[in-house]
Structures are given as structure tokens and as C-alpha cells.
Amino acid sequence: MSDLTAALRPGTSTGGDALPPTAGSTGAPSGGDGAAPSPRRRRRSFSDLAFKYGMVWLLVLLVGWAEWTYPGFTSWGNMQNVLAQNATIGIVAVGMTFVMISGGFDLSVGAIYAGCSVFFAQLALSLPMELAFVLAVAIGATAGLVNGLLVTVLKVNPFVATLGTASVFGGAAFLYSDSSPILNNEPGFEWLGMGKVAGVPVAILVLALVFLVGGFVLSRTVYGRSLYAVGGNAEAARLAGLPVGLLKTSAYVLVGACAGVAGCVIASRLQVGQADIGSTIALDAIAAVVIGGTSLFGGEGAVWRTAVGLLIIAIIRNVSQSRGFDINVESVITGFIIVGAVALDAYARNRRR
């Protein structure tokens with residue numbers, strides 16, 4: 001337990017993947033006798049490295065394949081299109097990373113995303129855009145708070161709780177909009193989704209900001225390290241004095257807020273709020289997190305890994321669409337990568353036992 005407490009002290013960075021191994025674990029030093037590592041240990045270290053950064057290598061191979069298949073893929077213009085088209089998925093995926101590292105799961109982000117697009121489009125018709133944005137994000141965070149309380153206070157399974165609230169939030173969005181798209185052609189409304197700053201789309205800047213802030217919080221703060229501890233072993237974290245329920249709830253609030261931001265971005269981009277958008281964004285965000293290497297079982301992962309997973313999905317889609325591949329081919333490739341990532345995670349966990 002003292003190891004856990006010490007690991008939460010500021011300045012003891014883990015590199016953002018997980019808490020450091022405790023003494024006696026498989027990752028602990030062998031005793032510091034200065035002896036050269038055995039060939040078996042060297043092979044083990046190399047294979048561990050391969051498992052840890054396997055998806056990064058896959059990303060490099062995909063970029064090479066994409067440039068060979070589609071000359072001009074790595075041009076700045078195409079990169080802007082790739083990132084802007086997948087900005088909303090990436091924003092939601094950052095929040096999902098927090099939830100999954102804490103040991104949770106959220107299937108309601110699609111409904112929150114769609115609902116916030118409706119609220120933002122409607123509120124911006126009568127309020128300043130900045131205030132409408134804040135209110136829409138607050139609505140998303142409140143929806144996340146409901147999920148968090150269901151999971152931590154009422155002890156409802158995260159899968160069941162968020163599946164149920166997805167129906168509630170989605171239905172509320174349809175009722176609020178009377179099942180009709182809410183158009184917003186007010187001057188300036190399109191800035192968040194279509195505007196540019198110094199030639200860079202605002203949606204990409206928002207995406208980058210969310211990734212940078214999320215990565216810093218998760219890897220460089222006591223709060224982030226506490227989430228790893230809770231996801232790795234909730235009972236040990238509780239015995240160490242961590243407020244497990246509060247930490248888990250905060251992760252759901254964060255993913256709700258991220259879904260709210262993404263909903264505002266897509267409403268601005270399309271200049272319309274719709275209650276029926278976002279039917280696949282929850283699965284897309286989860287796929288990005290899982291493909292990057294964040295564990296489904298909690299306690300392991302990092303925001304930079306989510307960025308890798310997002311880029312892998314974005315590259316497959318971009319090349320598929322540019323080459324006119326059947327959308328089912330794209331689904332099959334993405335599905336194989338997701339299954340492979342999950343299998344890799346399970347295999348790596350078994351090796352460490």
C-alpha cells in the first residue's frame with residue numbers, strides 16, 4: 001500500500017501508461033548485481049517492447065502504405081482533412097480514455113453528443129455563441145455526472161447504466177427538438193467547426209488542445225495517477241485512502257463534457273443540430289482507445305495511445321474513401337485491428353502473471 005501512496009506523489013512520472021511496478025513484480029529490477037542480462041531476459045525485454053509499442057509500428061506501416069497507395073496522402077492539405085473529419089471522434093475518445101483507465105465504460109456518449117449538438121444549435125439562436133457553448137458543455141458534463149452517480153452510488157454495472165441512459169438522453173434530445181433538425185445560420189456559428197486560425201482549422205486546434213490537456217492531466221498530476229490506481233485495483237486504492245467513487249464519477253463527468261464539446265463542433269460544422277447524429281461515435285471512440293492500447297480492464301493506457309488509435313482509424317477511412325473501396329471492406333479491416341488489439345492486451349496481461 002505504501003508503494004501505491006508513494007506512486008501518487010507529484011514528480012514520480014510513469015510515462016503515462018500505468019503505475020510503476022511494485023517491488024517483487026515482474027517489472028522490478030533483478031537485484032542490481034550488475035550482471036549482464038541473460039539472452040532469455042533480452043528476448044523477453046524485446047517482446048515486451050514489441051507488445052507495448054506494436055500499434056505505433058502499425059501506424060508507421062499504415063502511413064507508408066497510404067502514401068504508396070494514395071500519393072499525396074501525407075500532404076498538409078490532406079492531413080488537415082483527415083484530422084478535421086475525425087476531430088469529434090478524437091475529442092470524445094480522450095474522455096473515454098479517462099473512463100476506461102478508471103475501470104469504467106460509457107455507451108451513452110453518442111446520445112450526449114447528439115443532444116449537445118441540438119442544445120448548442122438552439123441556444124446559439126438566442127444567446128451569444130460563447131455562452132451557448134458553455135451551457136451545452138455543462139449539459140454534457142451533467143449527463144456524465146448522472147452516469148457516474150449511477151455507477152458509483154447505485155452500483156449499477158457501467159455497461160447497463162450507460163446503455164439505459166443512452167436511451168434516456170437520446171429520447172430527451174428528440175423531444176427537445178421535436179424530432180426535427182435545428183438549423184442555425186447565424187453569422188459566426190460556423191466558426192467552431194469551419195473557421196481557421198493562422199490557416200489551421202479551429203476543429204483541429206480544439207482537438208489538439210483536448211489531447212494536450214488530457215495527456216498532461218492523466219500523466220502529470222496526482223489526479224491522473226489516482227485514476228490509474230483506481231482502475232488497476234479499486235480496493236487497494238480505497239484502502240490507500242483514495243476517494244474511489246469521486247474519482248470514477250469525475251471520469252464520467254469528463255467524458256460527458258468531451259462529448260458536449262464534440263457535439264458543439266459538429267453542430268457548428270454542419271450548421272445544424274440533430275438528435276439522430278452520433279449513432280456510431282461511441283463505438284468509434286471506444287475503438288480508437290482500444291486500438292491505441294488502453295486496457296479494457298482499467299489501470300493501463302495513455303492519451304497518446306488514443307491519438308495513435310485515432311490516426312489508425314482515420315488513415316484506413318481516408319484511403320478507403322479516396323480509393324473508392326467498399327465501406328464493408330473498411331469495416332472488416334477496422335474490426336480485425338480492434339480484435340487484434342484486444343487479443344494483444346489479453347496476451348500481454350497473461351504474460352505478466
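First, the ground rules. Residues are numbered from 1 along each chain as its sequence is written, and side-chain values use heavy atoms, with hydrogens and water left out. Because the model is predicted, local features need pLDDT of at least 70 and side-chain atom pairs count only at pLDDT 80 or more, while totals for chains, interfaces and linings use all residues.

Now the helices. Two packed helices are described by the angle between their axes and the distance between the axes. Helices here are DSSP runs (H or I, at least four residues), numbered from the N terminus. Axes are lines fitted to C-alpha atoms over the stretch in contact, and angles run from 0 to 180 degrees between N-to-C directions.

Take α7, residues 129–152, and α8, residues 158–177. Their axes come within 9 Å and cross at roughly 145°. What meets what? Ala143, Val146, Asn147, Leu150 and Val151 in α7 touch Pro158, Ala161, Thr162, Thr165 and Phe169 in α8. Contact means heavy atoms within 4.5 Å. The residues of this contact are 7 nonpolar, 3 polar and no charged. Ala, Val, Leu, Ile, Met, Phe, Trp, Tyr, Cys and Pro count as nonpolar, Asp, Glu, Lys and Arg as charged, and the others, Gly among them, as polar.

Stay on α8 for a moment. Glycine 164 lies in this helix. Leucine 107 is 57 residues away from glycine 164 in sequence, yet 8.9 Å away in space, C-alpha to C-alpha.

Next pair: α14, residues 281–292, and α15, residues 303–322. The angle is about 115°, and the axes are 7 Å apart. Asp284 and Ala287 are among the α14 residues in the contact, and Arg305 and Arg317 are among those from α15. This contact divides into 7 nonpolar, 3 polar and 3 charged residues.

Last, the second largest pocket. A pocket is an open set of points on a 1 Å grid over the protein atoms alone, where a 1.4 Å probe fits, with protein on both sides within 12 Å along at least five of seven lines; lining residues have an atom within 4 Å of a point. How many residues line this one? It has 31, and Asn86, Ile89, Thr280, Asp284 and Arg317 lie nearest its centre. Which helix gives the most? That is α16, with 6 residues.

Methods: Helices (H or I, at least four residues) and strands (E, at least two) are DSSP runs, numbered from the N terminus.
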